[in-house]
Amino acid sequence: MNNSLLYNKSSLSFNNTNDNTTETTLYQGKIFDTWQQAFDIIKGWAKYKGFKVKYDRVERNPDGTFRKRTIKCEHQGTYIAKSNEKQTTTKRIGLYSEPQSKNPFKHVYVTTFHDTHSHVLNPSVIQFGNNKNIPSEIMKEIEFLTVQCKMGATTQRQYLEAKFPGQIIYNEDLYYAIQNFRPQNKNDSNDAVKLYTRLLLSSQKNPMWKVAIKFDDNNTLTHLFWMSPSQLELWYQFSDIVVQDVTCKTNRYDMALSLFVVLDENRNIRLVAQALLIDETKESHEWSFKQINLATDNMHSRVIMTDSDPAVHAAIRSTFVTTYPMHCTFHITQEYLNNLYNTKEAWAHPWTCRQFTAGLHASSPVESINAWIKSYIFNSNISLCELANIIDKRQFSEDKNYQLILWKAAIPCISTHVSTSAFMFSSIDKKLEEYLPPAILELQRNEIRQRVFYDAVQVNQEIINEFDEYNLSNQYLEDMPDARQTTASCMISDVNKEQITSMWAVSVGNKLIEKHFIILLSNNSHHCSCLSLINRGIVCRHYFQIMFRSPMAKFHIRLILSRWYYKNKDPSKEPFLVATKFEEISIPSIPELNIPFLTAINHSTLHDSITQHERLTDIQLYGKIAGLTQKVTMKAIKKKDVRIINILEDYLKDDENIDNNFEDLESNLDNNFGNLKSNLDNNFEDLKSNKENQSHVLKNPNKQKKSKGRLKGTKRIKAFHEKSNAISSGNSKQYKCSHCGNMGHNKRNCNQINSI
């Protein structure tokens with residue numbers, strides 16, 4: 001192979017110091033003006049000969065410039081295997097080639113040159129390899145698509161082939177380029193400190209920032225919560241319905257990311273709070289909920305929708321006392337059917353319809369944010385600061401979208417045709433345009449359009465009295481044959497009977513069976529069996545059908561929930577409105593400020609539903625025991641306290657008499673756990689107080705390691721065929737006689753012995 005050594009000495013005489021770079025000859029003593037010229041000529045000569053070179057040893061002058069440089073063939077050397085198990089290939093086939101060049105003075109010249117190869121030289125192979133290399137222009141595109149757009153190989157290939165149709169890009173080259181530009185693991189030894197310091201500086205600049213942190217005895221981060229000023233404002237405005245969910249695999253420490261989401265007046269998804277939790281126990285969720293209470297001055301949400309996690313449910317009931325916990329209808333289908341009935345008040349329509357949910361039945365809003373966040377990360381091995389940057393980017397995107405909606409709403413425009421709402425309810429339609437943003441305005445107009453598919457008939461007083469006398473007590477739903485009487489009777493029991501002015505039965509236009517009932521009250525409010533005013537906050541289509549038939553049914557903008565209004569709108573001085581055809585005979589009036597339009601249902605019914613919801617003792621008990629078990633176990637192990645073992649053993653020994661002595665056992669267990677917990681908490685407080693005198697250095701969270709396979713102390717889960725074999729073998733078990741050796745009987749019942 002080739003071996004050249006470049007060297008320069010001013011006392012030497014040179015015949016030619018201006019070699020052309022296109023010259024294809026190389027020999028010992030060849031002179032070059034610069035190192036770059038030497039490298040280019042040697043590289044071009046090797047390409048002409050049919051092999052590629054690699055740069056090896058280097059010697060430098062005191063000023064850092066090259067003094068000696070060794071250039072070899074890429075096939076030179078012998079590969080030393082690091083493992084005997086892995087089979088691989090190598091380009092190092094044992095060749096010798098060491099061209100060396102020196103430059104101690106002015107010029108660069110070849111000192112050593114070897115042109116011996118033990119492999120076939122093929123210039124076409126080198127030319128093909130050079131042609132398949134991705135150009136620098138395309139590499140810049142790949143870097144942008146990988147780093148900024150987070151595109152995969154398939155999408156990038158489609159883009160590059162469309163933009164550079166004449167360039168052939170091989171899969172392995174594209175994969176290598178993408179992997180090269182992907183973010184590498186960084187040494188984030190102070191990752192937690194960086195994030196907390198950043199949030200702390202924001203809170204010092206603006207007191208509206210809410211930041212809370214929690215760490216263990218070793219100053220290791222365990223919990224982190226923050227809310228920005230814009231998120232705090234959104235919580236004050238739209239926290240009547242909050243969707244909460246926990247997503248994992250968003251950071252290298254496997255900390256759970258808890259997100260809180262609301263719907264604004266445009267029904268857009270808005271992120272209002274976030275927290276990083278070391279685990280998903282009841283205590284961790286309680287800590288994040290308590291931080292929300294502190295940040296919002298105990299402004300509890302009316303409804304919180306979760307994924308039916310027992311720990312989250314128990315934390316909501318203990319922290320948000322006046323909040324109604326609701327379960328996602330998608331996640332409850334993932335549970336076993338025997339557990340659904342116990343949680344019926346959290347997902348079944350007869351209970352959830354009496355709570356404001358903004359029309360939500362599933363936790364899809366927060367799930368969409370989870371997917372959005374994960375689309376901006378390559379994998380779960382990212383730092384906490386990078387995760388916080390992605391969350392900030394999400395909030396910035398929400399703010400931009402909100403500004404876009406306001407800009408569209410500010411553009412003056414008129415409809416090209418007369419709509420149903422503008423024709424039959426002209427004054428109401430104008431008032432809706434004044435108060436409601438586009439999304440809710442279209443939703444309310446759609447209800448007005450749908451009213452033409454219904455028919456309404458007024459119910460006489462005798463039938464109303466009959467409904468009132470219908471007894472619902474001591475009856476089960478499956479024993480009530482007349483759903484019509486049941487619905488009407490429940491509605492009458494919900495409202496004040498003395499305020500009922502009339503009652504209407506609403507049916508679909510092509511049927512005679514009543515579908516809904518509407519009660520008109522003396523304060524110009526109403527109560528519809530669809531409960532749209534309560535669970536969606538808008539006026540239903542059934543009431544607009546009544547308005548079209550009777551001037552006694554009146555509309556007021558306060559019937560619509562104020563959360564759907566534009567900002568800074570005061571509807572207190574707005575008059576009652578009727579259908580267009582009744583405007584000449586109706587006298588406008590302004591309602592009193594204390595009329596509870598959205599409280600047609602008695603508050604006692606709502607409290608009763610919350611009381612029934614408290615009956616989910618199995619879920620609360622599970623969440624409380626699971627949280628306490630983990631916390632007490634970790635502290636007992638750390639303190640090497642064996643008292644917990646004695647308590648648990650005593651509990652198991654008394655299990656046989658638990659039915660008779662349940663109350664006494666429960667009180668003793670609570671006392672023992674309380675004493676143990678108080679002792680451990682006191683020790684923890686002492687350690688925490690002593691820690692203040694030590695150097696306070698916040699450490700990164702400990703990465704949660706999950707062992708493979710089944711947990712220790714648990715039995716292996718049997719496969720289906722193993723279960724079936726066990727069942728079949730259990731059913732076919734037979735006795736074997738020890739006397740005669742036959743199956744089906746034992747020695748006591750053996751006929752041979754009995755015959756003797």
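Select helix α4 (residues 153–163) and helix α5 (residues 171–181): their axes approach within 11 Å and cross at roughly 115 degrees. Axes here are lines fitted to C-alpha atoms, for helices over the stretch in contact, with angles from 0 to 180 degrees between N-to-C directions. Helix α4 is therefore roughly perpendicular to α5 (65 to 115 degrees; under 35 is roughly parallel, over 145 roughly antiparallel, the rest oblique). The contact (heavy atoms within 4.5 Å) is made by Ala 153, Gln 156, Arg 157 and Leu 160 of α4 and by Asn 171, Leu 174, Tyr 175 and Ile 178 of α5.

This is a predicted model, in which local features need pLDDT of at least 70, side-chain atom pairs count only at pLDDT 80 or more, and totals for chains, interfaces and linings use all residues. Residues are numbered from 1 along each chain as its sequence is written, and side-chain values use heavy atoms, with hydrogens and water left out.

Next, select Glu 141, which lies in helix α3 (residues 136–147). Glu 141 is buried, because its relative accessible area is 17% and buried means under 20% (exposed is over 50%, partly exposed in between; 1.4 Å probe, protein chains only). Leaving aside residues up to four places away in sequence, Glu 141 touches Tyr 159, Leu 160, Lys 163 and Phe 164.

Finally, select helix α13 (residues 364–375) with helix α14 (residues 384–410), whose axes come within 10 Å and cross at roughly 120 degrees. Helix α13 is therefore oblique to α14. Display Ile 369, Trp 372 and Ile 373 of α13, which make the contact with α14 residues including Leu 387, Arg 394 and Glu 398.

Definitions and conventions. Helix = DSSP H or I, 4+ residues; strand = E, 2+ residues; numbered from the N terminus.
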